[in-house]
Structures are given as structure tokens and as C-alpha cells.
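Here is a short report for a first look at this structure. Keep the sequence and the 3D view side by side as you read.

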Amino acid sequence: MTKLTDTQLVIIAAACQRAGRVILPLPENLKGGAVAKVIDSLAAKGMIEEADAKPGEPVWRETGDRHRVTLIATDAALEALGITEDPPIETASEAGEREPAPVADFSDASYPLADEGMEASLTPKHRARDDSKQAKLIEMLRRPDGATIEEIVGAFGWQPHTVRGAIAGALKKKLGLDVTSEKIEKRGRVYRIAG
């Protein structure tokens with residue numbers, strides 16, 4: 001038997017009670033990166049799959065040719081819940097042409113429509129607030145003379161390891177900024193955001 005988390009069970013149980021076993025809408029408390037993790041995990045376990053969206057059904061994503069796709073619980077999801085009486089439903093590969101359904105507005109629920117399949121950008125775009133410490137750190141690193149670890153420690157009151165972690169994690173990894181460093185005589189290692 002496939003092991004499912006409580007969240008996954010809630011999602012597929014709710015879907016199995018809906019017409020067409022549509023996964024959407026997801027629970028309101030599921031936001032951002034958690035949506036991607038849960039959806040990707042359910043898809044990998046074969047519990048959900050994409051199907052053509054029928055008129056009136058919520059839309060997960062829209063293809064480049066305005067084809068609307070939703071997510072549905074599979075027979076494996078029914079089996080995981082111990083449900084046996086529901087007949088199999090039509091998937092995207094089996095479905096014929098249908099009238100397009102309106103695209104649902106999920107912007108307030110923090111899960112965007114994907115551009116290219118379920119693997120595409122499911123997490124929201126990261127952007128620092130203008131008055132945040134992260135924004136101020138970026139501003140310091142964008143100066144022509146950059147900033148040293150010591151200067152950043154002095155400006156924010158952080159420990160040196162926290163500064164290095166913020167540069168490597170938040171700026172480089174999450175935001176994808178090109179942070180360079182060079183050793184300058186009498187100043188030490190200076191960090192800058194290239195570009």
C-alpha cells in the first residue's frame with residue numbers, strides 16, 4: 001500500500017467526492033512551494049494525473065494553444081482510500097475534443113498556472129520587499145565598491161556565518177543573483193552582485 005501524508009489524503013479524499021475527481025481547489029492552507037511538493041509527490045505516486053478540463057472545472061494550467069488542463073485523482077487514489085465502486089474516468093490522452101473551460105483565478109491561493117507541464121515553475125517568483133534586510137543587503141552588494149562580510153555584519157548586526165548563508169542561500173540560490181567575490185588588499189574579501 002502506498003504511504004500518503006495527511007495532506008495528500010485530504011486532497012485525494014476531497015477529489016474523490018467531487019464530480020470528475022477533480023483535485024482543485026486545493027486546501028486554503030496549502031501555499032507556495034508546498035503546493036509544488038504535494039502535487040509532484042502525488043503525481044510521482046500515480047495518485048493524480050492531468051486531464052482535459054471540462055466546462056466549469058477549475059484549470060490547473062493552460063497550454064500554449066489555450067488547451068485547458070486540470071488535475072484528477074486516478075484509480076490508484078481510489079484504491080489507496082479503499083474505494084472500489086467508482087468507474088475509471090477519462091484522462092487527457094483518452095479524451096476527445098471538448099469546449100474549453102474558463103481558467104480559474106487561483107492567484108490569491110498562491111498556486112500559479114504552470115506554463116509547461118506540472119514540472120514547470122510551480123513556486124512563486126521570489127522578490128524582496130524594498131524595506132527588508134534582504135533588499136538592503138542587495139543594495140550594499142550592488143554598490144560599485146561592493147561590501148565585505150565585516151561591513152555587512154556592522155550594518156545588520158548579524159554573525160559572519162549568517163551573512164555568508166544569506167549570500168549563498170537567499171541571493172545566489174533562491175534569487176539566482178550572480179554574486180562575485182574578490183580579495184582586495186587592505187580591505188579583505190569584497191562581495192558584489194555582478195551586472
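Does E151 count as buried, partly exposed or exposed? At 31% relative accessibility, E151 counts as partly exposed. Buried here means under 20% relative accessible area, exposed means over 50%, and partly exposed lies in between (1.4 Å probe, protein chains only).

## About the model

This is a predicted model: local features need pLDDT of at least 70, side-chain atom pairs count only at pLDDT 80 or more, and totals for chains, interfaces and linings use all residues. Residues are numbered from 1 along each chain as its sequence is written, and side-chain values use heavy atoms, with hydrogens and water left out.

## Helix 1

Helix 1 covers residues 6–17. Helices (H or I, at least four residues) and strands (E, at least two) are DSSP runs, numbered from the N terminus. The 12 residues of helix 1 should span 16 Å at 1.5 Å a residue. That expected span is 1.5 Å times one less than the number of residues. The end C-alpha atoms are 17 Å apart, which agrees.

Which residues of helix 1 are buried? They are Q8, I11, I12, A15 and C16. These residues cover an arc of only 130 degrees around the axis, so they sit on the same side of helix 1. The arc is that of the directions from the helix axis to the C-beta atoms. An α-helix has 3.6 residues a turn, so residues three or four places apart point the same way. The face turned away from the buried side of helix 1 carries the exposed residues D6 and Q17. The cover over the buried residues includes helix 2 (33–44), strand 1 (48–52), strand 3 (68–73) and helix 3 (75–81).

## Two nonpolar cores

A nonpolar core is a set of buried Ala, Val, Leu, Ile, Met, Phe, Trp, Tyr and Cys residues joined through side-chain atoms within 4.5 Å. The largest one has 24 residues. Among them, I23, L26, I39 and L42 touch the most other members. Helix 1, helix 2, strand 1, strand 3 and helix 3 each give two or more residues to this core.

Take L42. Not counting residues up to four places away in sequence, L42 touches L4, Q8, I11, I12, M47 and I48. Contact means heavy atoms within 4.5 Å. A second, separate core of 17 residues includes I138, I149, V163 and I193.

## Salt bridges

How many salt bridges does the structure hold? It holds 7. Each one is a side-chain nitrogen of Lys or Arg within 4 Å of a carboxyl oxygen of Asp or Glu. R61 pairs with E50, the closest N and O atoms being 2.7 Å apart. R61 lies in strand 2 (residues 61–62) and E50 in strand 1, so the pair ties together parts 11 residues apart in sequence. R61 is buried, with a relative accessible area of 11%. E62 and R68 also meet in a salt bridge (3.7 Å, N to O). E62 is buried at 15%, and R68 is buried at 12%.

E151 forms a salt bridge with R187, with the closest N and O atoms 2.9 Å apart. E151 lies in helix 5 (residues 149–156) and R187 in the loop between strand 5 (179–184) and strand 6, so the pair ties together parts 36 residues apart in sequence. R187 is partly exposed, with a relative accessible area of 26%. R143, D145, E151 and R187 are linked in a network of salt bridges.
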